[in-house]
Amino acid sequence: MPRFSWYRSFVFTLSASSLLVSVYGAGNTTCLSSQLDWYTDAVGESPCMTYQRLRQICDADYEVPSFRPNTPGDNCDSQNSDCCCNSVSFALSMLCMNCQQDAANDPDGIDAGNGAYWDYLSGTCSQGLNYTLPAEVQTAVCSQGIKISTYIYQRAFWSTGAW
């Protein structure tokens, strides 16, 4: 039996790791640099985790992907798109993109040009809801304890679709 003790340890470790992933959800939610520590300090989680939790209200299987290098890094492509057809979700997605890709800790970060918001909506949404969330989504955000700063609602979106 002693020759198999390493195997049992390995299986236990693998099982425990799988359990943690299923409990906390997978997805690419870790920041590469310390540039967005201000967000994590204020909210208690990375912007990618906030974005993922918001999207999971409408799509329980949503996991933050590794974002594309060009903006927008993700799209609102869930079948139930109420949680992402809005500027709040877009702003969180852009913070998440900066979180994932700003390995150089560039103080300017990654910006999105004019029209990026409409690219993010990608035909799934007839139009985006700006500066707010649908009432039922906002209620779920509050009941699940998801912290979204008023900054994200009010000042993280420009009418040109830039960020």
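**Entry 1: ground rules**

I number residues from 1 along each chain as its sequence is written, and side-chain values use heavy atoms, with hydrogens and water left out. Since the model is predicted, local features need pLDDT of at least 70 and side-chain atom pairs count only at pLDDT 80 or more, while totals for chains, interfaces and linings use all residues.

**Entry 2: the whole chain**

I looked up the elements and found seven helices and zero strands. Helices (H or I, at least four residues) and strands (E, at least two) are DSSP runs, numbered from the N terminus. I noted the order from the N terminus as α-α-α-α-α-α-α.

I then looked up burial, where buried means under 20% relative accessible area, exposed over 50%, and partly exposed in between (1.4 Å probe, protein chains only). Of the 163 residues in the chain, 41% are buried.

Residues 24 or more positions apart account for 73% of them.

**Entry 3: helix H4**

H4 covers residues 87-101, which is 15 residues. I compared its reach with the expected span, which is 1.5 Å times one less than the number of residues. From first C-alpha to last, H4 reaches 21 Å, close to the 21 Å expected.

How many residues of H4 are buried? I found 14 of the 15, so H4 is largely enclosed by the rest of the structure.

At the start of H4, I found a side-chain oxygen of Asn86 within 3.2 Å of the backbone nitrogen of Val88.

**Entry 4: helix H3**

I list H3 as mostly covered, with nine of its twelve residues buried. Among the buried ones are Pro47, Tyr51, Leu54 and Cys58.

Two packed helices are described by the angle between their axes and the distance between the axes. Axes are lines fitted to C-alpha atoms, for helices over the stretch in contact, and angles run from 0 to 180 degrees between N-to-C directions.

H3 (residues 47-58) and H6 (residues 135-143) pack at about 125°, with axes 10 Å apart. I therefore call H3 oblique to H6; angles under 35 degrees count as roughly parallel, over 145 as roughly antiparallel, 65 to 115 as roughly perpendicular and the rest as oblique. The contact is made by Leu54, Ile57 and Cys58 of H3 and Val137, Ala140 and Val141 of H6.

H3 and H4 pack at about 140°, with axes 8 Å apart. On the H3 side I listed Pro47, Cys48, Thr50, Tyr51, Leu54 and Arg55. On the H4 side I listed Ser89, Leu92, Ser93, Leu95, Cys96, Cys99 and Gln100.

**Entry 5: two loop residues**

Thr29 lies in the loop between H1 (5-24) and H2 (37-43). Is Thr29 buried or exposed? Its relative accessibility is 14%, so I count Thr29 as buried. Leaving out residues up to four places away in sequence, Thr29 touches Ser46, Cys48, Met49, Gln52, Val64 and Cys99.

Ile148 sits in the loop between H6 and H7 (150-154). Ile148 is buried, with a relative accessible area of 14%. Beyond its neighbours within four places in sequence, I found Ile148 in contact with Thr50, Val88, Leu92, Leu133, Val141 and Tyr153. Ile148 and Ala42 are 106 residues apart in sequence and 9.7 Å apart in space, C-alpha to C-alpha.

Note on methods: A polar contact is a pair of N or O atoms within 3.5 Å; within protein, one must be able to donate a hydrogen and the other to accept it, and residues adjacent in sequence count only if both atoms are side-chain atoms. Contact means heavy atoms within 4.5 Å.
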